[in-house]
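My notes follow in the order I looked things up.

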Amino acid sequence: MNDPTGRFDTETDAVYAGASASDDPFRFDEAVARVFPDMIRRSVPGYTTIVPMIGVIAARFARPDTALYDLGCSLGAVSLAMRHSVKVHGARIVAVDNAASMVERCRHYIALDDGQLPVALQCADIRDIDYQPASVVALNFTLQFLPPEDRDALLARLCQALTPGGALVLSEKVAFADAAEQSLLEELHLDFKRAQGYSEMEISRKRNALEEVLIPESIATHRQRLEAAGFEQVTLWHQSLNFVSILAIAPEATA
Ligand SMILES: C[S@@+](CC[C@H](N)C(=O)[O-])C[C@H]1O[C@@H](n2cnc3c(N)ncnc32)[C@H](O)[C@@H]1O
Ligand SMILES: O=C(O)C(=O)C[C@]1(C(=O)O)C=C[C@@H](O)C=C1
């Protein structure tokens, strides 16, 4: 399988390593953008499987003359996965992120890439843009950064923008209602970070920085929201510890 996550520079993430690391809330700033490929691979179990699989999913659902959205695109890993797997005529990728440092670097990676599908890159808030008819929408670890009260309206708008039978891929860090399950999977996630070489200090600083910035919800809450937004088939297609990816399909047109 084509792995677009391997295309990026691999400067090592040391954002929370130095004595001078700040205690401010987590932000997608220049320091994070510079090390992001390394940071996300070493922080999110399953990321290097999910990204190329979104390419595979997009290839099945993409329709001619529609948009393929990559919302919260960061450096464009999902856009590049879709670009190298989707073959339909007239499809175009729209990649959106509201962090200027991410968008600037993403532009560079897209320019270096030799894929054929056009990619339009926008520095914007995904809550504010107008959505064109789309056959595929990816929210790969992005919705978790929106205030929970803004999530319903966005998903309803995305379901409206999808063409009949179109697909939304929603990947999220999740929380579990069962306290024992929550603590087991959270502890294993911390073990995953340790196994990736993060120190106890880095792990605890980042954990504090993400508090109130990354707000995980349960799989049941995501499922209910997707169904309330109008999605017909909602399938958990990937789980690695407390990180999941859900495929939600818009209704087919009624005759
Ligand atoms: C964890 S990263 C996404 C990773 C990326 N999708 C990938 O697969 O490599 C979350 C991204 O969402 C962006 N983001 C968060 N809130 C946003 C918003 N309201 N509008 C646009 N982008 C947003 C952040 O700037 C960040 O780049
Ligand atoms: O939950 C954590 O500890 C994480 O580091 C997760 C996470 C994410 O899911 O987006 C948080 C910020 C960075 O973008 C990379 C990974």
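I began with contacts, counting two residues as touching when their C-beta atoms, placed from the backbone, lie within 7 Å. Residues 24 or more positions apart account for 79% of the contacts in the chain with a separation of 6 or more.

I noted the ground rules next. This is a predicted model, in which local features need pLDDT of at least 70, side-chain atom pairs count only at pLDDT 80 or more, and totals for chains, interfaces and linings use all residues. Residues are numbered from 1 along each chain as its sequence is written, while chains are lettered from A and ligands numbered from 1 in the order in which they are written.

**Overall form**

I looked up the radius of gyration, taken over C-alpha atoms, with a globule rule of 2.2 Å times the number of residues to the power 0.38. For 255 residues a compact globule would come near 18 Å, and the chain agrees because its own value is 18 Å. The C-alpha trace spans about 60 × 45 × 35 Å along its principal axes.

I then checked burial (buried: 20 or more other C-beta atoms, placed from the backbone, within 10 Å of a residue's own; exposed: 12 or fewer; partly exposed: in between). Buried residues make up 40% of the 255.

I found eight helices and seven strands in the chain. These are DSSP runs numbered from the N terminus (helices: H or I, at least four residues; strands: E, at least two).

**Strand 1**

How many residues of strand 1 are buried? Five of its five, residues 67-71, are. A67, Y69 and L71 point one way, and L68 and D70 the other. In a regular strand the side chains alternate between the two faces of the sheet.

I looked for partners, where pairing takes at least two DSSP bridges. Strand 2 (residues 92-97) pairs with strand 1 in the parallel sense over five bridges. There, D70 stands opposite A95. Between strand 1 and strand 2 the chain passes through helix 3 (residues 77-83), a right-handed β-α-β crossover. Right-handed means that, with the strands pointing away from the viewer, the path from the first strand over the helix to the second runs clockwise.

Strand 4 (residues 134-140) also pairs with strand 1 in the parallel sense, over four bridges. D70 stands opposite A138 in strand 4.

**Ligand 2**

Which helix gives the most to the shell around ligand 2? Helix 1 does, with three residues. Among the surrounding residues I listed M39, F141, K173 and K206, counting a C-beta atom, placed from the backbone, within 6 Å as near.
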